[in-house]
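Please open the structure in your viewer and keep the selection panel at hand. The stops below are arranged so that each selection leads to the next.

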Amino acid sequence: MFDPLTSTYSFSCPHGRDARVPLSAFRSLERLPGAAHPAVYRISFACSCGGEHPGLVSHDDLDWAPLGLRAGGTFRNLMTSLDDPLAAELVEVVAARIGAGEWPWSFYCFLEGRPRPVTPSAFALIAPGGRSLGLAVRCPACAAVSVNLVSRAHLDVPFWNDVRVGVVDHVFGEDALRAIDEFRAELDSARFDERRLDLEP
Ligand SMILES: [Zn+2]
Ligand SMILES: [Zn+2]
């Protein structure tokens with residue numbers, strides 16, 4: 001499903017094209033009701049064939065696989081000369097970075113007026129526009145929907161975090177998230193303020 005070497009997700013394309021895409025090619029994400037363990041998300045993605053197709057992603061693949069936390073294999077621990085599982089080592093690396101105040105993904109919550117750590121399962125819509133992406137995020141803390149303008153790397157490279165992001169100067173309603181075309185239209189007419197994304201350690 002997620003390939004840690006290329007940081008892409010594999011889906012099927014009805015036109016038989018190679019449908020391996022990074023997170024930034026996702027266009028909409030919605031948690032399916034029911035299936036709680038593990039939760040499953042219905043997504044749509046922009047395919048290399050030019051179309052947009054649906055796909056399903058588990059919560060683990062969405063939030064943890066990009067951090068390499070499901071990577072198989074072992075590595076030689078030079079301290080102990082033993083082969084340790086790779087994922088266990090990565091958990092330590094990721095935990096250390098998060099403990100030091102870094103977060104794999106972040107966004108600026110307009111309602112709270114502050115940056116917040118986030119994971120991809122809180123993303124609702126992604127719309128490309130020029131060199132950046134409009135990203136609608138459902139805040140894990142206050143549940144309000146904010147829209148940030150971010151780089152592709154901000155989504156595709158964990159711990160990248162753009163220093164500054166554009167923030168639409170109003171909260172988006174749930175209905176704005178239901179139709180991606182309306183979201184794109186609203187993005188085109190929206191005003192963006194620039195905000196810094198430094199998270200408090
Ligand atoms: Zn396709
Ligand atoms: Zn918030």
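**The domains**

The model is predicted. Begin by colouring the chain in three parts: domain 1 covers 2–67, domain 2 covers 68–100, and domain 3 covers 105–196. Next, display domain 1 and domain 3 together; their centres, taken over C-alpha atoms, are separated by 19 Å.

**The interface of domain 1 and domain 3**

Select the residues that are in contact across this interface: domain 1 contributes 14 and domain 3 contributes 17. Between them the two domains bury about 1300 Å², with 60% of that area on carbon and sulfur atoms.

Which residues form a salt bridge with the closest N and O atoms 3.4 Å apart? Select glutamate 52 and arginine 184, and show their side chains; these are the two partners. Across the interface of domain 1 and domain 3, one salt bridge is found.

E4 gives the most, with four residues. Colouring this side of domain 1 by class shows eight nonpolar, three polar and three charged residues.

**A three-stranded sheet**

Move on to strands E1, E2 and E3, which form an open sheet in the order E1-E2-E3 with antiparallel pairing. At the edges are E1 (2–3) and E3 (20–21), each of which pairs on one side only. Select E2 (residues 8–10) together with E3 to view their antiparallel pairing over two bridges. To find one point of reference, select serine 10, whose bridge partner in E3 is arginine 20.

Most residues other than glycine have a negative phi. The next two selections have positive values.

Select the loop between strand E12 (132–138) and strand E13 (145–150), where alanine 143 is placed. Alanine 143 is not a glycine, yet its phi is positive, at about 70 degrees.

Finally, select the loop between helix H3 (152–156) and strand E14 (164–168) and locate asparagine 161. Asparagine 161, also a residue other than glycine, has a positive phi near 50 degrees.

Key. Residues are numbered from 1 along each chain as its sequence is written. Chains are lettered from A and ligands numbered from 1 in the order in which they are written. This is a predicted model: local features need pLDDT of at least 70, side-chain atom pairs count only at pLDDT 80 or more; totals for chains, interfaces and linings use all residues. Side-chain values use heavy atoms; hydrogens and water are left out. Domain bounds come from an automatic or database domain assignment. Contact means heavy atoms within 4.5 Å. Buried area is the accessible area (1.4 Å probe) that two parts lose on being put together, summed over both. A salt bridge is a side-chain nitrogen of Lys or Arg within 4 Å of a carboxyl oxygen of Asp or Glu. Ala, Val, Leu, Ile, Met, Phe, Trp, Tyr, Cys and Pro count as nonpolar, Asp, Glu, Lys and Arg as charged, and the others, Gly among them, as polar. Two strands pair if DSSP finds at least two bridges between them.
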